[in-house]
Amino acid sequence: MAMWKERYRLGVARIDEQHRELFRMTEDLIRAAREGASPEDCRKALGFLKDYVVYHFRDEEAYQAEIAYADIDAHRAEHRQFTQTVLDYEKRLHDRGFDQAILKDLAGTVTAWLIYHVADTDQRLVSGPEAAGDARRFHRCVDVFAHSALEVLATMAGLPLEGVRQQAAAGALPGEVFVEISLVGDIPGTAVLGFSRQLALHLIRAMTMMEVDRLDELVQSALCEVTNIACGNAATVLAGRGIACDIRPPAVRPAATADGGLSVAVCTDDPERQLLP
């Protein structure tokens, strides 16, 4: 199974088996999106995924109740939000006759969400919230967003934090794909993450174990979800410091300049990797 990695294992047999099945279904969805499958094949792939997600979430939440998991309410909220996301995509696909662009968008979102949920959020079931929580202290809000992006990349694509630096851009933001999220609360504005082509493709290849060479809807959708996760984590850290911060849905935009918002680039110090500009 190409996408499944042993580091995702929790050590809870029934949950691990269901996670492996979810990865297999996600692979099927990616193939359907990339290979131009028929509407009927797409409908089947989406239907299996939707039904299995509901089944798995119920079983996982039952296990959380068995072990009296402290963060069960927050975990349930993530499950409900993702289930609604899949249902919203299903409606759009039915309304648009299983348009391939929307299917790629769905596949990218599912891929990024599933990997981070299994590799990070679900790990708290066995390691405890202290091990998975962000214990670092930062002096500036931009540091929180930048470091959060680095941690998400490390979790999802195995990108080591060593030899990687964060950069708060003062002008044009380096990169070829830019994802913007609006911020509301005590720090209103925007957060913009810039991804080079190399990093974007490396990220998707690392997550799917498939050869990807175009910055299509699947890649852009996955980058939006990665940015959504990173900024959501940063907002949670800020909330713990008494700084109210909420985020809006992410969107890809064609170019980026630092215009007073939180414009962040993540760069590598290792020239041989050439993952980032």
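**Rings in the model**

So, Phe-57: at 4% relative accessibility it counts as buried, where buried means under 20% relative accessible area, exposed over 50% and partly exposed in between, with a 1.4 Å probe and protein chains only. Phe-82 counts as buried too, at 5%.

Quick housekeeping. This is a predicted model, where local features need pLDDT of at least 70, side-chain atom pairs count only at pLDDT 80 or more, and totals for chains, interfaces and linings use all residues. Residues are numbered from 1 along each chain as its sequence is written, and side-chain values use heavy atoms, with hydrogens and water left out.

Back to those two. The ring centres of Phe-57 and Phe-82 are 6.3 Å apart and the planes are at 65 degrees, so we call the pair edge-to-face. The rule: rings of Phe, Tyr and Trp (its six-membered ring) pair if their centres lie within 6.5 Å, with planes under 30 degrees apart stacked, over 60 edge-to-face and the rest tilted. Phe-57 is in helix 2 (residues 39–66) and Phe-82 in helix 3 (residues 72–95), 25 residues apart.

How many aromatic pairs does the rule give? The count comes to seven. Take Tyr-8 and Phe-23: centres 5.2 Å apart, planes at 5 degrees, so that pair is stacked. Tyr-8 sits in the segment before helix 1 (13–34) and Phe-23 in helix 1, 15 residues apart. Tyr-8 is buried at 0% relative accessible area, and Phe-23 is buried at 0% as well.

Ring pairs also link Trp-4, Tyr-8 and Phe-23 into a cluster.

How values were computed. Helices (H or I, at least four residues) and strands (E, at least two) are DSSP runs, numbered from the N terminus.
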